[in-house]
Amino acid sequence: MESILLIVVLTLLIPIATAEDSKLEANPSVVDQDQSSYNNDPFNKPQHITPLTLPDSWPTNIHRNPINRSPPNIKTKLVMLGTGMPSPNPYRGGPSHAVIIGDSTYLIDAGEGIWRSIAKAALINGDGFSQALSPKKINTLFLTHLHQDHTVGIPSLILNPLNWIFGIKLKIYGPKGTKDMLDHIVSAWKIDAEAAIADGYDPANSGTTGHDIVFPENGLVYQDNNVKVEAFRTRHASLQDSFAYRFTTTDRVIVFTGDGGPFHANIVRAAKNADILVTETVTEDNIRYAPWGGNTVEAKKKEIFRFHFSPTVLARIANQAGVKKIVLAHEQNYNNGENYNALGLSDEVKAAGFAGEIFSAMDGDVY
Ligand SMILES: [Zn+2]
Ligand SMILES: [Zn+2]
């Protein structure tokens, strides 16, 4: 790939504290720049719920530190980079995960703010992770599907490192359209690329290639000394192509469903006896609070569960597959702000009959 130099400034400005701001301005002792002004979380409880002020974004509801739950004797680590969904929760990055084996790293999906999420995981989890998550070690990305929330980080993933190291060499595997998407990203930033070469950048230092997965049901996508990755075709709303990925290493099987939908036997196949199923779900109990999908509970269920697993469907898949542990991300945990339960979706999947372990992940968690 030709060289590209880009300054990407990803700034998420969410005006949740307008009244609080004016209160702060009126009190000079509070706005003095000292350590305490970096440790508070200004929060004005919203009177109107919008996609920017959903209760699952309130710092009073979900603002916990990352946790490392990975057994020390297990070499294969699952790192939750971005656990968000499309609604812009300031405490969660866009959907992205990493499997780290020694100093080799494999990414699954590339959501909004991917480098911020990678940096957070590296800072929290110590030197081993910061080595494994350095751009030179990020050579493989698997895309579950081409919805924007899972792919919009790709330009940043491949272009931003040119500003602080000499580039990134990356192979991207994904559904039909992956290669085309990558070609368009490269051409969209060609002015930057031409300027970078004129400024002396050597294009040999970077290169990204896209690889479309075209087999009809399931098959081997990737294999090296650490890992075997198989893809299983799934169904996600109106998309023609979406895949679950099954990672088999020497000491673990980890399966990523991507976004869900109705029950699908291929997901059970993908997840057969998995140690960890990384997946998503949407509340059924509180679906009336979902800000999309229709005006009635029935309409919302019909529409939302075309796109995502209900807790009932997820429990059925996990039980049939014999999954040991579920790690939830991309959660759509709707409720009103006062009754919000951070573990609401874990509880719903358990109530639907899943008896294994289940965790509601945050960015930076390790499993
Ligand atoms: Zn999707
Ligand atoms: Zn999604």
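Author: Happy to! This is a predicted model. Let's begin with strand β1, residues 76-82, which is mostly covered: seven of its seven residues are buried.

Reader: Nice. Which strand is joined to β1, and by how many bridges?

Author: That is strand β2, residues 96-101, joined to β1 by six bridges. The two strands run antiparallel.

Reader: Got it. Switching topic: what's the strand order in the open sheet with seven strands?

Author: The order is β7-β8-β9-β10-β11-β12-β13, and the pairing is mixed.

Reader: And which strands stand at the edges?

Author: β7 (218-223) and β13 (357-360) do. Each has a single partner strand, so one side of each is left without a neighbour in the sheet.

Reader: How much are neighbouring strands turned against each other?

Author: By 20° on average in this sheet, direction ignored.

Reader: What lies across β12 and β13?

Author: Helix α14 does, and it runs at about 155° to β13.

Reader: Oh, a helix! Which helix does α14 pack with, and at what angle?

Author: α14 (residues 344-351) packs with helix α13 (residues 311-321) at an angle of about 60°. Their axes are 8 Å apart.

Reader: Why do α13 and α14 count as oblique?

Author: Roughly perpendicular begins at 65 degrees and roughly parallel means under 35. The angle here is about 60°, so α13 and α14 are oblique to each other. Their crossing is right-handed.

Reader: Which residues make the contact?

Author: From α13 they are P311, L314 and A315, and from α14 they are L345, E348 and V349. Of the residues in this contact of α13 with α14, five are nonpolar, none is polar and one is charged.

Reader: Which residues of α13 are buried?

Author: P311, V313, L314, A315, I317 and A318.

Reader: And what do those buried residues pack against?

Author: The buried residues of α13 pack against α11 (265-270), β11 (276-279), β12 (325-328) and α14. β11 and β12 also belong to the open sheet we talked about.

Reader: Last one: what follows α13?

Author: G322 follows α13, and the phi of G322 is positive, near 75°.

How values were computed:
Residues numbered from 1 in each chain as written. Chains lettered and ligands numbered in written order. Predicted model: local features only at pLDDT ≥ 70, side-chain atom pairs only at ≥ 80, totals over all residues. Axes fitted to C-alpha atoms, helices over the stretch in contact; angles between N-to-C directions. Helix = DSSP H or I, 4+ residues; strand = E, 2+ residues; numbered from the N terminus. Parallel < 35°, antiparallel > 145°, perpendicular 65-115°, else oblique. Left-handed = near helix turned anticlockwise from the far one by under 90°. Contact = placed C-beta atoms within 7 Å. Nonpolar A, V, L, I, M, F, W, Y, C, P; charged D, E, K, R; others polar. Buried ≥ 20, exposed ≤ 12 C-beta atoms within 10 Å, placed from the backbone. Pairing = 2+ DSSP bridges.
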